[in-house]
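Reader: Could you walk me through this structure? I am new to it.

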Amino acid sequence: MKLAPVLDLSAARPLWIELCAATGTPLSIDASAVERLGGACLQVLLAASARWRAEGLAFSITGASPVFVDAVGLMSAHELAPEETGQ
């Protein structure tokens, strides 16, 4: 799954719907294109991470853009720290 460049409030519901469609399978999320990450989408990603881990399924974020890495750090969402960065 590849994240959209702009993850603002209007992107939160579509993101959740896309994540729900992947329920029950291991999930790798490509965050390389992210140019903006807002609080609502961060909450969606945190909820998805918790759900996948509670179900014992792999959940990873890879290829994260510098913007994604900075936003996750600024919002102290360490559980979303990417496995690798796109730098």
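Author: The following answers take up the helices, then the cysteines and the salt bridges. Please keep in mind that this is a predicted model.

Reader: Let us start with helix 2. How many residues does it have, and how far does it reach?

Author: Helix 2 has 16 residues and spans 22 Å from its first C-alpha to its last, close to the 22 Å expected at 1.5 Å a residue.

Reader: Which residues of helix 2 are buried?

Author: The buried ones are Cys41, Leu42, Val44, Leu45, Ala48, Ser49 and Trp52. They lie on the same side of helix 2, because they cover an arc of only 160° around the axis.

Reader: And what is on the face turned away from that buried side?

Author: That face of helix 2 carries the exposed residues Gln43 and Ala54.

Reader: What do the buried residues of helix 2 pack against?

Author: They pack against strand 1 (6–7), helix 1 (9–21), strand 2 (27–30), strand 3, strand 4 and helix 3.

Reader: What happens just after helix 2?

Author: Gly56 follows there and takes a positive phi of about 75°.

Reader: On to helix 1, then. Which of its residues are buried?

Author: In helix 1, Ala11, Ala12, Leu15 and Leu19 are buried. Seen down the axis, these buried residues fall within an arc of 110°, so they line one face of helix 1. Ser10, Arg13 and Ala21, on the other side of helix 1, are exposed.

Reader: What covers the buried residues of helix 1?

Author: The cover includes strand 1, strand 2 and helix 2.

Reader: What about helix 3: which residues are buried there?

Author: Helix 3 covers residues 66–74, and its buried residues are Phe68, Ala71 and Val72. Their arc around the axis is only 100°, which puts them on the same side of helix 3. They pack against strand 3 (36–37), helix 2 (39–54) and strand 4 (59–62). Just after helix 3, Ser76 takes a positive phi of about 50°.

Reader: A change of topic: how many disulfides does the structure hold?

Author: The structure holds zero disulfides.

Reader: Is Cys41 buried or exposed? And what does Cys20 count as?

Author: Cys41 is buried, with a relative accessible area of 0%. Cys20 counts as partly exposed, at 32% relative accessibility.

Reader: Last topic: how many salt bridges does the structure hold?

Author: The structure holds two salt bridges. In one of them, the side chains of Asp30 and Lys2 meet, with an N to O distance of 3.5 Å. This pair links distant parts of the chain, since Asp30 is in strand 2 and Lys2 is in the segment before strand 1, 28 residues apart. Asp30 counts as partly exposed, at 24% relative accessibility.

Reader: With which residue does Arg51 form a salt bridge?

Author: Arg51 pairs with Glu55, and their closest N and O atoms are 3.7 Å apart. Arg51 is partly exposed at 31% relative accessibility, and Glu55 is partly exposed with a relative accessible area of 42%.

Terms used. Residues are numbered from 1 along each chain as its sequence is written. This is a predicted model: local features need pLDDT of at least 70, side-chain atom pairs count only at pLDDT 80 or more; totals for chains, interfaces and linings use all residues. Side-chain values use heavy atoms; hydrogens and water are left out. Buried means under 20% relative accessible area, exposed over 50%, partly exposed in between (1.4 Å probe, protein chains only). Helices (H or I, at least four residues) and strands (E, at least two) are DSSP runs, numbered from the N terminus. The arc is that of the directions from the helix axis to the C-beta atoms. Contact means heavy atoms within 4.5 Å. The expected span of a helix is 1.5 Å times one less than its number of residues. A disulfide is a pair of cysteine sulfur atoms within 2.5 Å. A salt bridge is a side-chain nitrogen of Lys or Arg within 4 Å of a carboxyl oxygen of Asp or Glu.
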